[in-house]
Amino acid sequence: AMVEIDRRTGALRPPVDNPITLADIAVGSTLLVIDFLIDNGFVPALDVLKWKERHPSLAAYAAALDARPSFRETRPTMMDVDLKAVVG
């Protein structure tokens with residue numbers, strides 16, 4: 001799937017001040033959540049998930065999307081939850 005997404009995005013770099021499409025949002029969010037999941041220990045850093053190393057143009061595309069205020073303002077963050085307070 002990554003190969004096909006990389007092929008389709010090619011040299012695209014969505015400028016910060018230009019509109020993006022639903023496809024840009026879907027692809028960018030999916031790619032960036034993979035990094036979030038690995039960085040926070042939800043999934044192991046398997047070689048198959050190291051998409052930036054194998055697809056540098058896709059990494060540049062995702063970085064351009066991640067530079068947009070809408071992406072920065074909606075990044076997922078880890079939460080601390082007091083389970084005893086919530087469950088007990």
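Me: Where is His 55 found?
Reply: This is a predicted model. In it, His 55 sits in the loop between H3 and H4.

Me: Is His 55 buried or exposed?
Reply: His 55 counts as buried, because its relative accessibility is 8% and the cut-off for buried is under 20%.

Me: What does His 55 touch?
Reply: Leaving out residues up to four places away in sequence, His 55 touches Met 2, Val 3 and Asp 6.

Me: Where does Val 3 lie?
Reply: Val 3 lies in helix H1. That helix covers residues 2-9.

Me: And is Val 3 buried or exposed?
Reply: Val 3 is exposed, with a relative accessible area of 61%.

Me: Which residues of H1 are buried, then?
Reply: Met 2, Asp 6 and Thr 9 are buried in H1.

Me: Why are they on the same side of H1?
Reply: They cover an arc of only 75° around the axis, so they end up on the same side of H1. There is a general rule to keep in mind here. An α-helix has 3.6 residues a turn, so residues three or four places apart point the same way.

Me: What does the face turned away from the buried side carry?
Reply: That face of H1 carries the exposed residues Val 3, Arg 7 and Arg 8.

Me: What do the buried residues of H1 pack against?
Reply: They pack against three helices: H2 (22-39), H3 (51-54) and H4 (56-66).

Me: What follows H1?
Reply: Gly 10 follows H1. The phi of Gly 10 is positive, near 50°.

Me: How far apart are Val 3 and Arg 13 in space?
Reply: They are 17 Å apart, C-alpha to C-alpha. In sequence, Val 3 and Arg 13 are 10 residues apart.

Me: New topic. What should the 18 residues of H2 span?
Reply: At 1.5 Å a residue, H2 should span 26 Å. The end C-alpha atoms of H2 are 26 Å apart, which agrees.

Me: Which residues are buried in H2?
Reply: Asp 24, Val 27, Gly 28, Leu 31, Ile 34, Asp 35, Phe 36 and Ile 38 are buried there.

Me: What covers the buried residues of H2?
Reply: The cover includes H1, H3, H4 and helix H5 (69-73).

Me: At what angle do H2 and H4 pack?
Reply: The angle is about 105°, and their axes are 10 Å apart. H2 and H4 are therefore roughly perpendicular to each other.

Me: Which residues make that contact?
Reply: From H2 come Ala 23, Asp 24, Val 27, Gly 28, Leu 31 and Leu 32. From H4 come Leu 58, Tyr 61, Ala 62, Leu 65 and Asp 66.

Me: How many of them are nonpolar, polar and charged?
Reply: Eight are nonpolar, one is polar and two are charged.

Me: Which residues of H4 are buried?
Reply: In H4, Leu 58, Ala 59, Tyr 61, Ala 62, Ala 64 and Leu 65 are buried. These residues pack against H1, H2, H3 and H5.

Me: What about Ala 60? Where is its place?
Reply: Ala 60 is in helix H4. Ala 60 is partly exposed, with a relative accessible area of 29%.

Me: What separates the C-alpha atoms of Ala 60 and Ile 5?
Reply: A distance of 13 Å separates them. Along the chain, Ala 60 and Ile 5 are 55 residues apart.

Me: Last one. Where does Ile 20 lie, and what does Ile 20 touch?
Reply: Ile 20 lies in the loop between H1 and H2. Not counting residues up to four places away in sequence, Ile 20 touches Pro 14, Ile 25, Leu 65, Arg 68 and Phe 71. Ile 20 and Leu 65 are 45 residues apart along the chain, yet their C-alpha atoms are separated by 8.8 Å.

Key. Residues numbered from 1 in each chain as written. Predicted model: local features only at pLDDT ≥ 70, side-chain atom pairs only at ≥ 80, totals over all residues. Heavy atoms only, no water. Buried < 20%, exposed > 50% of the residue type's maximum accessible area, 1.4 Å probe, protein only. Helix = DSSP H or I, 4+ residues; strand = E, 2+ residues; numbered from the N terminus. Arc of directions from axis to C-beta. Contact = heavy atoms within 4.5 Å. Axes fitted to C-alpha atoms, helices over the stretch in contact; angles between N-to-C directions. Parallel < 35°, antiparallel > 145°, perpendicular 65-115°, else oblique. Nonpolar A, V, L, I, M, F, W, Y, C, P; charged D, E, K, R; others polar. Expected span 1.5 Å × (residues − 1).
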